[in-house]
Amino acid sequence: MKLTEKHLDAMRKVKNGADVWDPMIAKALREVQKIDPTLIDITKPMMFRGTGAEKMPYFGAILTHMGKEALRYTGKQRC
């Protein structure tokens, strides 16, 4: 399986680290992790400090150096 535009868009959203609240982005990032686990680190939520009674993010994610290089390689990196 290759990275698609949906995967690259999701990777751009967590380039510098973010909590993932959107189920479609979460699914795309899990697919990226399956395709090549060296591209992304998926962790516990980074910024969420709730009690758990409210809605919680799916997870935290940040691109690795290789993930950032993969975006750069596509020539479609956005700031």
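D19 lies in strand β1 (residues 18–20), where helices (H or I, at least four residues) and strands (E, at least two) are DSSP runs numbered from the N terminus. The model is predicted: local features need pLDDT of at least 70 and side-chain atom pairs count only at pLDDT 80 or more, while totals for chains, interfaces and linings use all residues. Residues are numbered from 1 along each chain as its sequence is written, and side-chain values use heavy atoms, with hydrogens and water left out.

With a relative accessibility of 16%, D19 counts as buried (buried means under 20% relative accessible area, exposed over 50%, partly exposed in between; 1.4 Å probe, protein chains only). The side chain of D19 reaches the backbone nitrogen of M46 at 2.4 Å. In β3, D19 has G60 as its bridge partner.

An open sheet is formed by 3 strands in the order β1-β3-β2, with antiparallel pairing (two strands pair if DSSP finds at least two bridges between them). Strands β1 and β2 (40–43) stand at the edges with a single partner strand each, so one side of each lacks a neighbour in the sheet. Strand β1 is joined to the antiparallel strand β3 (residues 59–63) by 3 bridges.

In helix α3 (residues 65–74), the buried residues are G67, A70 and L71. Viewed down the axis of α3, these residues fall within an arc of 95 degrees, so they line one face of the helix; the arc is that of the directions from the helix axis to the C-beta atoms. On the other side of α3, H65 and Y73 are exposed. The buried residues of α3 pack against α1 (5–13) and β3, contact meaning heavy atoms within 4.5 Å.

Terms used: Polar contact = N/O pair within 3.5 Å; in protein donor to acceptor, adjacent residues only side chain to side chain.
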